[in-house]
Amino acid sequence: MTPHSTTLTDRLSPITRRRLAVFRGNRRAWVSLWLFLALFAVSLVAELIANDKPLIMHYDGEWYVPLLVDYPETEFGGFLPTRTDYHDPFIQAQIAEHGWALWPPIPFSYQTLDMQMMRPSPAAPDGRHWLGTDDQGRDVLARVIYGFRLSVAFALVLTAGSLVMGVVIGGIQGYFGGKTDLIGQRLTEIWSGLPVLFLLIILASFVQPGFWWLLGIMLLFSWLGLVDVVRAEFLRARNLEYVRAAKAMGLPSHLIMWRHVLPNAMVATLTFIPFLFTGAITTLTALDFLGFGLPPGSPSLGELVAQGKNNLHAPWLGITAFVSLSLMLSLLVFIGEGLRDAFDPRHIQLSAPATPLPRTQTDA
Amino acid sequence: MRDRTPPALLRLENFSVAFDRSTVVERLSLEVHRGETLALVGESGSGKSVSALGAMNLLPDNARIEGQRWLGDTDLNRLRRRDWQALRGGRVGFIFQEPMTSLNPLHTVAKQIGETLRLHQGLSGRGARERTRELLAQVKLPRPDELLGAWPHQLSGGQRQRVMIAMAIANEPELLIADEPTTALDVTVQQEILALLDELRQRYGMGMLFITHDLNLVRRHADRVCVLYGGREQEAGGVAEVFRSPRSAYTRTLIEAEPAGQPAPVASSQPLLQANDVSVSFPRPKRLFAKRPPAFEAVKPLTLTLAPGETLGIVGESGSGKTTLALALMRLTESRGEIRFGDVRLDRLSGGELRRQRHRFQVVFQDPFGSLSPRLPVSEIISEGLRYHSPSLSDAEVSWRVQATLKEVGLPADCASRYPHEFSGGQRQRIAVARAIILEPELVVLDEPTSALDRTVQKQLVELLRDLQSRRGLSYLFISHDLAVVRAMAHRVMVLKDGEVVESGDCRTVLERPTNDYTRALVSAAGLSPAA
């Protein structure tokens, strides 16, 4: 990632450059962003970091890529043409004898059951399982890494979706006002009266909600919070003089909304995004915690919280869940804060040197 | 004091105010005596208000104040917090500029005035009510009994300012600080308020510190004047003396800054804009199950014409329908009646057809801070309409046009990539003019373009507009309440009152020999100096 190479910086508009500068000036947000991006990047390549298959193998003079290809056990001297279990002591002995294998640093995936465990699960952290195992003998660290990715991806898609819906609906209501606004507001009020959690629970009883299912249902309701903010901003902005001037210039409504009204509404909207984002993560976690979320076996932080609650004698579960969730949410809030400040023109002015003396002399 | 004359009421010596590291007021010395009005004059940002607020310790904590401050024989530098509370509102009364926000909207008039009475005189209940009624009568509010229970939003701007004055004089202060008390008011109301202040000052023998930017008011209502520029005192002395022979160069430019000259005469008489029986009305809200009240007529049917290259001044006080009329003529608000622009019937067009006509008539608004999008660089603000109306232009051509237009309105070329907040009010107004003329319109509606600007900047803008008119043959519809500017700009003038034309005709004739009572009141309130 090189967003700051000279060519790209030159192509950015000055206001974007200035926002970038303000954002970088906010050390906490800047550090949080990089930390979060690093964590997210790590979790994006979770398969390379925590997996129950070797990344690459050399066996009998030939190259194998178990990460990408499923090889039958017969390839490595096994008896059954099934998927190879690379943790099987027999296979491991075979590999050691006929070649070598490069393992990821954490040799467990999120759903790998460690069959070679000598201790009852949940097992405390040790050299083999850095954060211990959960009550089904799965590696906690691997689950955290995958769970982090899933939560962030879910929140990203949900936030983007609600942003688009909220801005479009709120914008249309606010900009046109009058009857459009009145009818739209009543409809959203009715819609927001629906109990989301009950709806999810009822739905969970006759469909097994997957990632997209859950996302779709939550998207139906998560934009409601944005509508009020965006609508209020559009209502205010449509009477501003520069919007009037744009109308007088003959610009069509969609251009006025896009170029003049939306950028102003974006500050208020952006202040909302961190809440939406963290809200999406906590909702997903809460649903998983209650057991109405992602299908069983999915790597989810909510499930880890539930395990921590059920296994109070295994504090590493609860502590890991707590630390990873609070770290993720705090980083997001700090980033959101920095973003909001960067988009606010008044903060830019504050950072410029104050000019208390009148400028009338240069007025000409 | 070394001499034996009665000590001044308010005395500042070497008084400085600094915020953080920057000095805002530097070594100011002034005196206000009992029964006299000292006007503190300067342009925006010159430190007038800061001086007054600083003297009364009303500035935020990061302000550093130096120098001597005396009120009578009280050393203001030695006062503690409690003493200040007793002093403000007790010995010193304040009147602020904004009558809309300086009254608490959640309290009735009686309660707001009663509060100061209770705090400083311990009056309450009937006593306070009696005294409040008395005060309301003193500030000449009609029907004081009814007004006691009125809420601020039920009062007009002038009435609110009277209530503010009643609050300020409630405890018979020795010193009255009036910070631009009439700036937000219409000219005729201005005169009434200032006359009232003069009268009260004489009756109570108060000293008055009158802060203003309007030299016309200083000339008529102050005894002495102190001119500030950039936080420094430029000149002080008796009003007549300063106006007759100003010593400092700045005072001289300030006095000469009244817009002068007149527009170039018009040759053609074929009308560019012709409006017949144009009227605008707004429906009033309807209560549930009630009959809809008759619509509010903002502009009653009126007829006007405008020739190419001509300026029609539209004059009136706030609420007279000036801006509504302009918006109606530009089809930015719903209206009835015929609007003919060149050979096009504007009132029959709508949607895309209307938008394609819009480059022919442009508008410049009053507020230089609100009329430019803060999120776009100047080049985009100016070129936006051009890109839409002539999509065939290449980027190079557009930027060339932007540069040429910036030059035409007297702005340096390098400001194209900067953002509006980096510019002063006068410069922003130039940007707004550039945005309008880049589309090569035939008509520009100027809606109070100079009202938010300092006098010296106003003069420059008026000259620019006249220059553009003679160069491009533009027609202007010039809306203003400031007769001095209208006289410098307009060929013909139309006086509006409550949405009706009360008088119209040649600009000089109307302003010099008004036939209508209302026009006469306006002209006399404006205090125009005789035309050059």
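This is a predicted model: local features need pLDDT of at least 70, side-chain atom pairs count only at pLDDT 80 or more; totals for chains, interfaces and linings use all residues.
# A chat about a two-chain model

Visitor: Where is B:Glu180 in chain B?

Guide: B:Glu180 sits in the loop between strand E7 and helix H7 (187-204) of chain B. Helices here are DSSP runs of H or I with at least four residues, strands are runs of E with at least two, and both are numbered from the N terminus.

Visitor: Before I go on, what should I know about the numbering and the model?

Guide: Residues are numbered from 1 along each chain as its sequence is written, while chains are lettered from A and ligands numbered from 1 in the order in which they are written.

Visitor: OK, back to B:Glu180: is it buried or exposed?

Guide: B:Glu180 is buried, with a relative accessible area of 7%. Buried means under 20% relative accessible area, exposed means over 50%, and partly exposed lies in between, using a 1.4 Å probe and protein chains only.

Visitor: And what is its phi near?

Guide: The phi of B:Glu180 is near 45°, which is a positive value in a residue other than glycine. Most residues other than glycine have a negative phi.

Visitor: What about B:Glu172, and where is its place?

Guide: B:Glu172 also has a positive phi, of about 45°, although it is not a glycine. Its place is in the loop between helix H6 (157-169) and strand E7 (175-179) of chain B, and at 47% relative accessibility B:Glu172 counts as partly exposed.

Visitor: Switching topic, how many helices and strands are there in chain B?

Guide: Chain B has 19 helices and 20 strands. Its radius of gyration is 26 Å, close to the 24 Å that the globule rule gives for 532 residues, so chain B is as compact as a globular protein of that length. That radius is taken over C-alpha atoms, and the rule is 2.2 Å times the number of residues to the power 0.38.

Visitor: And how many helices and strands in chain A?

Guide: The secondary structure of chain A comes to 15 helices and three strands. Its radius of gyration is 26 Å, well over the 21 Å that the globule rule gives for 364 residues, so chain A is more spread out than a compact globule. Along its principal axes the C-alpha trace of chain A spans about 85 × 50 × 40 Å, and the trace of chain B spans about 75 × 60 × 45 Å. Buried residues make up 45% of the 364 residues in chain A, and 54% of the 532 residues in chain B.

Visitor: What domains does the assignment give chain B?

Guide: An automatic or database domain assignment supplies the bounds, and it gives domain 1 (1-91 + 175-257), domain 2 (100-172) and domain 3 (273-283 + 293-526) of chain B. The C-alpha centres of domain 2 and domain 3 of chain B lie 40 Å apart.

Visitor: What does UniProt say covers residues 148-340 of chain A?

Guide: The UniProt annotation from an unreviewed entry is "domain: ABC transmembrane type-1"; UniProt positions follow the numbering used here, feature names are shortened, and annotations may be inferred rather than shown by experiment. Over residues 148-340 the chain is 84% helix and 0% strand, with the end C-alpha atoms 24 Å apart. The unreviewed entry also lists "transmembrane region" spans of chain A, including residues 29-50 and 267-294. Residues 29-50 are 91% helix and 0% strand, with end C-alpha atoms 29 Å apart, while residues 267-294 are 86% helix and 0% strand, with ends 33 Å apart.

Visitor: Which residues have the most contacts inside the largest nonpolar core?

Guide: A nonpolar core is a set of buried Ala, Val, Leu, Ile, Met, Phe, Trp, Tyr and Cys residues joined through side-chain atoms within 4.5 Å. The largest one has 73 residues, and those with the most contacts inside it include A:Phe234, B:Ile382 and B:Leu406. Helix H12 (residues 253-290) of chain A gives the most to this core, with eight residues. Apart from this core lies another, of 48 residues, among them B:Leu141 and B:Val225.

Visitor: What is A:Phe234 in contact with?

Guide: Contact means heavy atoms within 4.5 Å. Leaving aside neighbours within four places in sequence, the partners of A:Phe234 include A:Tyr175, A:Met257 and A:Leu262.

Visitor: Last one: what is the mean pLDDT of chain B?

Guide: The mean pLDDT of chain B is 84, and 97% of its residues reach 70 or more, where pLDDT is the predictor's confidence in each residue, from 0 to 100. For the complex, the predictor gives an ipTM of 0.71 and a pTM of 0.73.

Technical notes: Side-chain values use heavy atoms; hydrogens and water are left out.
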